[in-house]
Amino acid sequence: MEIEKKVLCFSSQESHRGVDIGKMVEKCLMECEIENVFTISVDNAMVQDGIKKVYKAVEIVRWAVKWIRQSPSRIHKFTEFAKVTNPGITKNLKRDVSTRWNSTYHMLEIAHAYEKTFERYDLEEFDFRYEIEKAGLSIPSSSDWERARNVCHFLKPFHDVTLRIYGTLYVTSNTCIEDIYSICTLLDDDISDSSLCDIALAMKLKFDKYFGDI
């Protein structure tokens, strides 16, 4: 049997809600007169349920990164402080898209490495604390950064597995079943970790809903 890969359509999607994406996929299938579908793969919903469990810490870091990246002068000052407080780190801060978990992972992965730089920035720039507190949040604390590190440590293997699955030219059950099973194993292991239990449990519920007993 010769396996074929075809792009059915491209569609601009303003909403990232599952029901709206589902309607878009349904419309595409109907237009192409496709009735039998074996699987549809998405990579966002399960992890987003887990991130919600640490939303406050993620939102604090997100706001801090967003504030600095809003202005070239702020970025310049942050970069200058980083040369002193975090020498050797050259990655640029990245803003995330809250509905795309992998972009949130990349944001946290880079930001937490600059913890000392954010502390220095807070000491030198009064507006930073003033604006973040006006928004009802707070300057990232040591516990917030620890939470960010834990989330990154937790999400990295899922990120790596996702890259393998979506980097495969032909995504079929025989090529990705081992990676799906590895996600199940990772979740089961992390549920026993008190610092990650809440995130893992939320994701495991969604995993069981989609895949059942692997």
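Tutor: One definition before the rest: a pocket is an open set of grid points with protein on both sides within 12 Å along at least five of seven lines, and its lining residues have an atom within 4 Å of a point. Also keep in mind that this is a predicted model.

Student: OK, pockets then. Which residues lie nearest the centre of the second largest pocket?
Tutor: F78, T79, K91, N92 and Y114 lie nearest the centre, out of 16 residues that line the second largest pocket.

Student: How much space lies in the second largest pocket?
Tutor: About 220 Å³.

Student: And which helix gives the most to the lining?
Tutor: Helix α4, with five residues. Both α3 and α4 supply at least two residues each.

Student: What is the lining like by class?
Tutor: Eight of the lining residues are nonpolar, five are polar and three are charged.

Student: Let's zoom out. How many helices and strands are there in the protein chain?
Tutor: The protein chain has 10 helices and zero strands. Reading along the sequence gives α-α-α-α-α-α-α-α-α-α.

Student: What share of the residues is buried?
Tutor: Of the 214 residues in the protein chain, 36% are buried. As for contacts between residues at least 6 apart in sequence, 71% of them join residues at least 24 apart.

Student: Now the rings. How many aromatic pairs are there?
Tutor: The count is nine aromatic pairs. Take W67 and Y121: their ring centres are 6.1 Å apart and their planes are at 80 degrees, so this pair is edge-to-face.

Student: Why does 80 degrees make the pair edge-to-face?
Tutor: Because planes over 60 degrees apart count as edge-to-face, and the planes of W67 and Y121 are at 80 degrees.

Student: Where do W67 and Y121 lie?
Tutor: W67 is in helix α3 (residues 55–69) and Y121 is in helix α6 (residues 115–124), so the pair ties together parts that are 54 residues apart in sequence.

Student: Is W67 buried or exposed?
Tutor: W67 is buried, at a relative accessible area of 7%. Y121 is buried too, with 0% relative accessibility.

Student: What about F78 and Y114?
Tutor: F78 and Y114 also form an edge-to-face aromatic pair, with 5.4 Å from centre to centre and 65 degrees between the planes. F78 is in helix α4 (residues 72–85) and Y114 is in the loop between α5 and α6, and the two are 36 residues apart. Both F78 and Y114 are buried.

Student: Which residues form the aromatic cluster?
Tutor: W67, F78, F81, Y114, F118, Y121, F128 and W145 form one aromatic cluster.

Student: What sits over the ring of W67?
Tutor: The charged end of R74 does, 3.7 Å from the ring centre.

Student: Switching to α5. Why is α5 described as largely enclosed?
Tutor: Because eight of its 11 residues are buried. The buried ones are W101, S103, T104, Y105, M107, L108, I110 and A111.

Student: Where does E109 lie?
Tutor: E109 lies in helix α5, which covers residues 101–111. E109 is partly exposed, with a relative accessible area of 27%. Its C-alpha atom is 7.3 Å from that of R149, although E109 and R149 are 40 residues apart along the chain.

Student: Next, E33. What is its phi?
Tutor: E33 has a positive phi of about 55 degrees and is not a glycine. Most residues other than glycine have a negative phi. E33 is in the loop between α1 (18–31) and α2 (45–51), and it is exposed, with a relative accessible area of 71%.

Student: Is K204 buried or exposed?
Tutor: K204 counts as buried because its relative accessible area is 14%, and the cut-off for buried is under 20%. K204 is in helix α10 (residues 197–211). Leaving out residues up to four places away in sequence, K204 touches C184, L187, D188 and I191.

Student: Last one: what does M24 touch?
Tutor: M24 touches S11 and Q13, again not counting residues up to four places away in sequence. M24 lies in helix α1 and is partly exposed, at 23% relative accessible area. The C-alpha atoms of M24 and Q13 are separated by 8.1 Å.

Notes:
Residues are numbered from 1 along each chain as its sequence is written. This is a predicted model: local features need pLDDT of at least 70, side-chain atom pairs count only at pLDDT 80 or more; totals for chains, interfaces and linings use all residues. Side-chain values use heavy atoms; hydrogens and water are left out. Helices (H or I, at least four residues) and strands (E, at least two) are DSSP runs, numbered from the N terminus. Buried means under 20% relative accessible area, exposed over 50%, partly exposed in between (1.4 Å probe, protein chains only). Rings of Phe, Tyr and Trp (its six-membered ring) pair if their centres lie within 6.5 Å; planes under 30 degrees apart count as stacked, over 60 as edge-to-face and the rest as tilted. A charge sits over a ring if NZ of Lys or CZ of Arg is within 6 Å of the ring centre and within 35 degrees of the ring normal. On a 1 Å grid over the protein atoms alone, a cavity is a set of points where a 1.4 Å probe fits but cannot get out, and a pocket is an open set with protein on both sides within 12 Å along at least five of seven lines; lining residues have an atom within 4 Å of a point. Grid points are joined across faces, edges and corners, and a volume is the space filled by probe spheres set on the points. Ala, Val, Leu, Ile, Met, Phe, Trp, Tyr, Cys and Pro count as nonpolar, Asp, Glu, Lys and Arg as charged, and the others, Gly among them, as polar. Contact means heavy atoms within 4.5 Å.
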